[in-house]
Amino acid sequence: MAGGWSRDGAVQDQIDASVEDEVKRARSQLTRGESATECEECGRPVPEARRNAIPGVRLCVECQAALEKQKAQAGGINRRGSKDSQLR
């Protein structure tokens, strides 16, 4: 059910397009190729089990966790969507 001047199903089309864009973005960030034997950040060895589990891995677990934490802090998405939640 669309409102205003939009056609029926327009909201769902927009949701589908947003999901598709996010899936493409996530897939583009997947690692590929041969895994590194040493972490590119700290130089510590990357465990063989990690290299086998994640093809193309470049970082050790600790450096990967730090990178993901940094990315999470940098991007703030207001998933609630209301102006009130932005003011709190």
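This is a predicted model: local features need pLDDT of at least 70, side-chain atom pairs count only at pLDDT 80 or more; totals for chains, interfaces and linings use all residues.
Residues are numbered from 1 along each chain as its sequence is written, and side-chain values use heavy atoms, with hydrogens and water left out.

The largest pocket holds about 330 Å³ of space. A pocket is here an open set of points on a 1 Å grid over the protein atoms alone, where a 1.4 Å probe fits, with protein on both sides within 12 Å along at least five of seven lines; its lining residues have an atom within 4 Å of a point. Grid points are joined across faces, edges and corners, and the volume is the space filled by probe spheres set on the points. The lining comprises 13 residues, of which Gln29, Leu30, Thr31, Gln64 and Glu68 are the closest to the centre of the pocket. Helix α3 (residues 61-74) makes the greatest contribution to this lining, with four residues; helices are DSSP runs of H or I with at least four residues, strands are runs of E with at least two, and both are numbered from the N terminus. By class, the lining divides into six nonpolar, three polar and four charged residues. In this scheme Ala, Val, Leu, Ile, Met, Phe, Trp, Tyr, Cys and Pro are nonpolar, Asp, Glu, Lys and Arg are charged, and the others, Gly among them, are polar.

Four salt bridges are present in the structure, each defined by a side-chain nitrogen of Lys or Arg within 4 Å of a carboxyl oxygen of Asp or Glu. One of them joins lysine 24 to glutamate 20, at 3.4 Å from N to O. Both residues belong to helix α1 (residues 10-28) and are four residues apart, about one turn of the helix. Lysine 24 is exposed, at 51% relative accessible area, whereas glutamate 20 is partly exposed, at 44%; buried denotes under 20%, exposed over 50% and partly exposed the range in between (1.4 Å probe, protein chains only).

Another salt bridge links arginine 58 and glutamate 40, with an N to O distance of 2.9 Å. Because arginine 58 lies in the loop between α2 (48-53) and α3, and glutamate 40 in the loop between α1 and α2, this pair ties together parts that are 18 residues apart in sequence. Arginine 58 is partly exposed, at 32% relative accessibility. The C-alpha atoms of arginine 58 and glutamate 41 are separated by 8.5 Å, the two residues being 17 residues apart along the chain. Glutamate 41 is located in the loop between α1 and α2 and is exposed, with a relative accessible area of 61%.

A further salt bridge pairs arginine 44 with glutamate 62 (3.9 Å, N to O). Arginine 44 is placed in the loop between α1 and α2 and glutamate 62 in helix α3, so this pair likewise ties together parts that are 18 residues apart in sequence. Both arginine 44, at 41% relative accessibility, and glutamate 62, at 48%, are partly exposed. A separation of 7.2 Å lies between the C-alpha atoms of arginine 44 and cysteine 60, which are 16 residues apart along the chain.

Val11, Ile15, Val19 and Val23 form a nonpolar surface patch of about 310 Å². Patches consist of residues with over 30% relative accessible area and no salt bridge, like charges being joined within 9 Å and nonpolar side chains (Val, Leu, Ile, Met, Phe, Trp, Tyr) within 5 Å. Accessible areas come from the Shrake-Rupley method with a 1.4 Å probe, and for residues only the protein chains shown count as cover. Valine 19 lies in helix α1 and is partly exposed, at 48% relative accessibility.
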